[in-house]
Structure formats: structure tokens, C-alpha cells
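Subject: Structure handover

Hello,

Here is the structure I said I would pass on. My notes on what was found follow below it.

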Amino acid sequence: MFGSHLSISGSMLNALDEAVGLGLDTVQLFTKNQQQWKAKPLDPGLVRDWNARIAELGWKDRTVSHASYLINLASPDDELWRKSIDLMTDEIERCESLGIPFLVHHPGAFTTSDRESGLKRIAAAYRELFERTVGFHTISCLENTVGGGSTLGREFEELAALRGMIAEATGQPMRVGFCFDTCHAHSGGYDLSSPVTAAAVFEQWDRVVGLEHLRVLHMNDSKTPFNSHRDRHEHIGLGSIGVRGFAAVLGVRGGGGSAFAGVPKIMETPKGKDANGVPWDTINLGTLRECLSGATVKAPKTEPARKPVRTTAAAPKKGGPRKKKRKPAGKTKSAKRAIRRKA
Ligand SMILES: [Zn+2]
Ligand SMILES: [Zn+2]
């Protein structure tokens, strides 16, 4: 179940069409302009068309929405906290109308307060959210973070404690799960780059948080080194996690089989096309499928971008001039060999 975060430019239905065109099995999207506090209500016609298309594709149990980055449920500022609860309510309601089972959001940042107060604030926000949306099916998934500044949600212990606090505040533990982002974990100090370390990370997750609460995976390689505490997504196999790391993640066992077989695995890797005009989503999907098959996996054959690659939030313009600047053939080959050696 591989997907990608795709644009809703024009219509949310375009994201579905694009996902199908790319050969994906699911999609992650924003259900509104993610930079705005207020959004127009969903058009009933759009909701009808969306649900019909989802039924046709058989994707009912696997689509993912990402909540707006404006939301900070941990904020000590009452006005911002209230606005965040209102916007998060809207996000949950939209997902419910669209039958989107998973809504991913970042736990938040405690800014001028402290860690404990921040966590309490999130639990209190959840109490209100779930009171407003009794009986809804969408599962809110707290995403692990690299943990810079006052950002909450890097440590597994903290995520587990947070879920416990939310469960206690709301009495509805089944509506809260987690999204595990591989880049965030690795950059945040949980080494995913080798089969041994990756297995240890998920053993720890299972012991502390529980594999069954991991409802969405974000499959992103990391442009920065292990434990760098920076959030820079890279193409699969070309970052500090590498193909061996991704093969290990996909090979995690649990519940008598592959632990993540039924878990949507979403790429939030840089967009655009490689020098040969192949969409990076297609290349990254191919690498993940190889990792899954257990075959001897090599990093993508395509030459990696030379300059820093931006993440989905600020995707480079398609067909930008930098793509045309290519190294002479000889150098490209040695670069490719270097990647294979590293992998
Ligand atoms: Zn993510
Ligand atoms: Zn990220």
C-alpha cells in the first residue's frame, strides 16, 4: 500500500487521478489550503464524486489526510490554542465526510511554556475535539518529529505518554494512533540505516508505544545525517537511511506476518522529474517495491540532484533549469558506482 502526498490543485479528485496515473495504491492530501485558518465548507457535489471514486478504486480504508501546519494544540497562547482546536475540528469533520480513515498531524510545540504543560494542553484540546465529533471514525494520528526547539513528539516515551493522556482525557483511545515518519525518526536519533539498528528501533517502538497503534508510515529518506535533528526529506535510497534501511523497515514482522502490510506507506519525498523525465514518485515507488520484494536492492540508477532538494512543502518548479545541468557521462557513471557502493 504505497502512496504519495499529492497536490489538490484544481480539485481533490485530481490527486486521486494523479495517484492512479503514478501506479500508487493510495494517496495523502490536504483537504483544504493548508496555509489558511478558515476554509470554505466542502462542496456536497465534490464529496459525492470523491466517495464514488474512492469506492470504485477500493481505497476506502487507506487514504490519508495531513492536517494544516498552522495547528498547534500544545500552544500556551489561548487565542492560538482556540483557533487550533477550531481548525482541527474542521479537519476531522472534512475527513469524516470524505471517509478518510487517517488524519496525520504534528503534536505541536510548547513554545514559552514547558514540555509537561504542552502535553497537557494537547490532551485538553483532544477532549474538546472528541466531544465535538462524537462517533466519528477518522483516526487522528500523531506524527513523530525530529524534535527541534520546543517541538514535542520525538521520543517514543513521550508519544506513548501523550496517547495515554489523550485516552484518559477523552475516554476514546481507539480514535488516536500514530504516523511514523522514517526521516524524522532517523534524524531524531533512532538509527534506521541498517537491518540490526532498524529492527531494534521497531522493537523499542513496539515495547514503548505498540506496533498496533502505528497506523500510517511516512516513507522519507533523510538528506541530513543520523541524529542531525534536521527535517530534510530525500529520495528513497539516496539519503542517510539508504535502501538497506528501507528494506529493513518494510521487513518488520508483527502479528504473525509483515507488521505494516495493512498500513498506508506515504512518500513525502521531493517532487519533479529526473534528468530522463521520469517522475521522482515513480522512481521512489520502484525503489520501495524492490525493497519490499527482498531482492538485492540498489539505490536508484538515476543521477541524484546535485543541489539541496526541497521537500513537498516547497517543491521546486517542474523542469527547472538545474535539471538540465548534467555531469559528463564519465562522471555520472562513477557517481552511480559510488552510490551503489554506499548502498
Ligand atoms: Zn511526515
Ligand atoms: Zn518532515
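To begin with a helix: α4 covers residues 115–132, and its 18 residues reach 26 Å from the first C-alpha to the last, close to the 26 Å expected at 1.5 Å a residue. Helices (H or I, at least four residues) and strands (E, at least two) are DSSP runs, numbered from the N terminus. The expected span of a helix is 1.5 Å times one less than its number of residues.

Please keep in mind that this is a predicted model, in which local features need pLDDT of at least 70 and side-chain atom pairs count only at pLDDT 80 or more, while totals for chains, interfaces and linings use all residues. Residues are numbered from 1 along each chain as its sequence is written, and chains are lettered from A and ligands numbered from 1 in the order in which they are written.

The whole protein

The protein has 10 helices and 12 strands. Of its 343 residues, 45% are buried. A residue is buried if 20 or more other C-beta atoms lie within 10 Å of its own, exposed if 12 or fewer, and partly exposed in between, with C-beta atoms placed from the backbone. Among contacts with a separation of 6 or more, 74% join residues 24 or more positions apart. Two residues are in contact if their C-beta atoms, placed from the backbone, lie within 7 Å.

The buried residues of α4 include Gly118, Leu119, Arg121, Ile122 and Tyr126. What covers the buried residues of α4 includes α3 (78–98) and α5 (156–170).

Helix α7 (residues 195–208) has 14 residues, which should span 20 Å at 1.5 Å a residue, and its end C-alpha atoms are 20 Å apart, in agreement. Its buried residues are Ala198, Val201, Phe202 and Trp205. Seen down the axis of α7, these fall within an arc of 90°, so they line one face of the helix. The arc is that of the directions from the helix axis to the C-beta atoms. On the other side of α7, Val196, Glu203 and Arg207 are exposed. The cover over the buried residues of α7 includes α5, α6 (182–187) and α8 (242–250). Glycine 210, with a positive phi near 105°, follows α7.

Threonine 197 is also in α7. Threonine 197 counts as partly exposed because it has 15 C-beta neighbours inside 10 Å. Leaving out residues up to four places away in sequence, threonine 197 touches Asp191 and Leu192. Threonine 197 and alanine 248 are 51 residues apart in sequence, with 9.1 Å between their C-alpha atoms.

In strand β6 (residues 176–181), 6 of the 6 residues are buried. Val176, Phe178 and Phe180 lie on one side of β6, and Gly177, Cys179 and Asp181 on the other. In a regular strand the side chains alternate between the two faces of the sheet.

Strand β5 (residues 139–143) pairs with β6 in the parallel sense over 4 bridges. Two strands pair if DSSP finds at least two bridges between them. Leucine 142 stands opposite phenylalanine 178 in β6. From β5 the chain crosses through α5 to β6, and this β-α-β crossover is right-handed; that is, with the strands pointing away from the viewer, the path from the first strand over the helix to the second runs clockwise.

Strand β7 (residues 214–219) and β6 also pair in the parallel sense, over 4 bridges. Leucine 214 in β7 is the bridge partner of phenylalanine 178. Because 6 of the 6 residues of β7 are buried, β7 is largely enclosed by the rest of the structure. β7 pairs in the parallel sense with strand β12 (residues 265–267) over 3 bridges, and methionine 219 has methionine 267 in β12 as its bridge partner.

The nonpolar core

The largest nonpolar core has 78 residues, and Cys141 and Phe246 touch the most other members. A nonpolar core is a set of buried Ala, Val, Leu, Ile, Met, Phe, Trp, Tyr and Cys residues joined through C-beta atoms within 7 Å. Beyond its neighbours within four places in sequence, phenylalanine 246 is in contact with Met219, Ile236, Gly237, Ile241, Leu288 and Cys291.

Two positive phi values

Most residues other than glycine have a negative phi. Threonine 111, in the loop between β4 (102–105) and α4, has a positive phi near 45°. Histidine 229, in the loop between β8 (221–222) and β9 (233–234), has a positive phi near 55°.

Regards
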